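Colleague: I have not looked at this one before. Can you put it on screen and talk me through it?

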Amino acid sequence: MKSDLIIGMAGSGGDGIVSAGESLITAAALEGYHAILTKSFGSQIRGGESSCRLRISAGEVFNPGGTLDVAVALNWEDFLKFGAELPVDGHTVVIYDSKTGITADKIPLTGVTPADVQAVPIGDLAKQTAGTDKAKNTVVLGLLAGWFGLARDGIIAGMRKKFAKKSPEVLEGNERAFAAGIAYAEAHPLHTARVMPPAAHNGKRLLTDGNEMCAAAAIVAGCEFFGGYPITPSTEIMQFLNRELWKYGGTVLQAEDEIAGVGAAVGASFAGKKALTATSGPGMSLKTEMLGLASIAELPLVCINVQRGGPSTGIPTKSEQSDLFQAIFSSHGDTIRPVLAPISVADAFHITVEAFNIAERYQTPVIVLSDQEIGQRKETVDPIDVHSIQPAERRRPAGKELEHYERFRLTESGISPISAPGMLGGNYLASGIEHNEHGAPTASGEVHAQMNDKRLRKLTPLKSRRDLFIIEGDADAPVGLISWGSVAGVAREALQLARAEGLQVKLLIPKLLYPVSEEIYQDFFASVLAGLVVEQSHQGQLYRVIRMHVDVPAGVKPLARSGSNPIVATAVAARLRNLAFELQRRRAPELQPRE
Amino acid sequence: MNTAAAHVADHHNVKDYQSDLKPIWCPGCGDFGVVSAIYRALAAIDRPPHEIAFVSGIGCSSRIPGYTTAYGFNSVHGRALPIAQGIKLANPELLVLVAGGDGDGFSIGGGHVPHAVRRNVDLTYIVMDNQIYGLTKGQLSPTSPRGLHTVSSSYGSLEDPVNPLLYVLSYGAGFVAQGTPADMNGLVAIIEAGIRFPGFAFINVQSPCVTFGEPEAQLKVHKATMKSLDSGGHDSTDRLHAMALAQEYGTQLYTGVFYRDPNPRPTYNDLVHERQAELGPMARPKDKILEMFVPE
């Protein structure tokens, strides 16, 4: 029995297919399952085609999965528009509306014979029971509950809540539509029954997306100022803070542009508040000058980039990991900014808190590289112990330090106490121009070199943060896998698949992408003869960044794909298998008896 | 806090606002007059320097915060206003001054001005307008007159200048004034009035560039041609008349207050404060904030 189920559904905008996915994941979360929901839309602002993928599992899930176990097409035209996002193979159960007039042997899926094809009068059932086409999605929920044993009570409870504000007739109609779906499924059993195992109940699980998680984490970390500008796919961060941050004495400024948004955040940080901005690639391009300013003025700042396809406008609604070079290199001058990346919705919380702590502790801008997938996918999250989190505070000058205050004093650590306007004796000039220890402008080469050294030196301790790396698998494995961001969830599953085959493989996931921790990579590579750096960018940006700093074994290659081209665990596992076999072949001559 | 060296004086005089840094400006630069006028205005207002944040962009005039003892922020080109707004919203108790040149404010940073005006954060924005780029040695500025020959307009400028006064008046600024170091008392008075105005205040200072500026834009000429709005009988609560007078920017140097809103709008920073106070009681304890993600 499989412990998980991957459902893909598509329809036109009004069909409520995404809403059905939301109902299902809520019900699944309530029943104690782990689940991930991703949504995909056509480029139209309203209407057009929409789809969602839902992966439900009794165990932990790391990614939205590959080939569908269940495909639901309310009409084929819309379903086919999603191509590789909704892949069907020989084990998939295909459910579609028989009203499409297409017979089960003529469904338009080229080159595939699905395990089971169910032509269901979805629209007719909806009309008969609820009196409206609009209940089609409820019929689908009934079908899924009936055939796969999914979260029946949770769905009904969710429906009651959802329709509470509408008339009782609407609720009753939907309840009948749901029952009709179940009854239909029971009357038409699948060729091979597939019923989800019950979830191991594990207390209350949270359900949210990466963007809201980042925003909530910012509040926990002590953020009191947000400045930003709407941009897909990061806007939900601003929207969440706009609802919540005021309650904590904070301010949200929707600025006139991306530059003003981050500029106001830099100002707020100068004034002593923890400050955040969030954006996506095109906005990052605009914010770059302010990030350089925050670096030289040594002001704490967190900047979240929810990456999408680029360059320029690129593909705003699809995930990509192609802003790594930009995050690391886009400021002029000799500077380093810490770059962090979460690997899941839960991790978005921890990484955002960490970003604030690093920003405050080291007085530096920190970039969080989230991505569209993590930002906008809904995911169940095990409870997080927020109470135990200790937000870091910037080092304030006190006592004698304020008698002859030197804002940029050259200390051993490179960190100098930072005052804020209003603090008596702490007056200084912050500037984008090079400055001496007092903050006075200077063009001295000697001072410039000292200050560059100070600003870089202070970040060196980050390289020893082993807690910002995940290492899994066989410690001495000859095959190594490296991945980051949302794709790391794919790599984790690939590792499990490969190890289940008996292959010796290990995985390194850096959540701190920059500065590069040479030692951690070198330790990892010590046993590695071959491997893959798996990432969603055309050039393999992480692979290239690591090579700038570390001697990477020649057998380690990038597995890099442009955004909107899903990377799935089975494909990564297959590559690992090939690498392992090749190593065996290569070693074979050494094992032959010598003549 | 041990504050043996740092203490608040009972009363602040001009010297308390002067820093030890020697200005990089050319001898005779109008900006010397502006910084002196700022010292005098601040002394009249008598706020301790550590409660003042002074923000600028890039340009000759943007060096000005460093010549005061306030908390200064000499930021990047054109971005002083967004940074200043962030400062004021983060700590509304501060007196926040913003300064820069005509290029900083009306060319590279021009897009921020209307939004600072309509948002009405309580800032005082002083533009030192010299119709030329001085720091980069004499190129065309957004306020340079049409036809001006400079090193970047060798055959004469082909475009009309921005009218800073009309620009901010039309976006609804509550306080708009113009001055020149040729009339120091008048300049001090409008800077002080601008700071005291509750809301966004704009002060255009005709501050000559002695090195690259036109002969007719020097202090001597200002002295001879300037006209006081006050003694000319202008009613500074009459916005339409102020706009009519502002049309003469570039031909007639008016000094004084063009417009002062007799019923100032609430400031953005006050509204923010009200909202925080109103919503504060609705906050979940921070360690329970994630509970909003528990599905029902």
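Modeller: Start with one pair: A:Ser431 stands opposite B:Asn74 in β2(B). This is a predicted model, where local features need pLDDT of at least 70, side-chain atom pairs count only at pLDDT 80 or more, and totals for chains, interfaces and linings use all residues. Residues are numbered from 1 along each chain as its sequence is written, and chains are lettered from A and ligands numbered from 1 in the order in which they are written.

Colleague: In which sense do β15 of chain A and β2(B) pair?

Modeller: Parallel, over 3 bridges, with β15 covering residues 429-431 of chain A. Two strands pair if DSSP finds at least two bridges between them; strands are DSSP runs of E, at least two residues, and helices are runs of H or I, at least four, numbered from the N terminus.

Colleague: How many residues does the contact take from each chain?

Modeller: 60 from chain A and 52 from chain B, where contact means C-beta atoms, placed from the backbone, within 7 Å.

Colleague: Which element of chain B gives the most to that side?

Modeller: α2(B), with 8 residues. β2 (71-74), α2 (80-90) and α9 (268-279) of chain B each supply at least two.

Colleague: Now chain A by itself. How many helices and strands?

Modeller: Chain A has 18 helices and 21 strands. Its C-alpha atoms fill a box of roughly 85 × 85 × 40 Å along the principal axes.

Colleague: And how much of chain A is buried?

Modeller: 57% of its 595 residues; buried means 20 or more other C-beta atoms within 10 Å of the residue's own, with C-beta atoms placed from the backbone.

Terms used: Contact = placed C-beta atoms within 7 Å. Buried ≥ 20, exposed ≤ 12 C-beta atoms within 10 Å, placed from the backbone.
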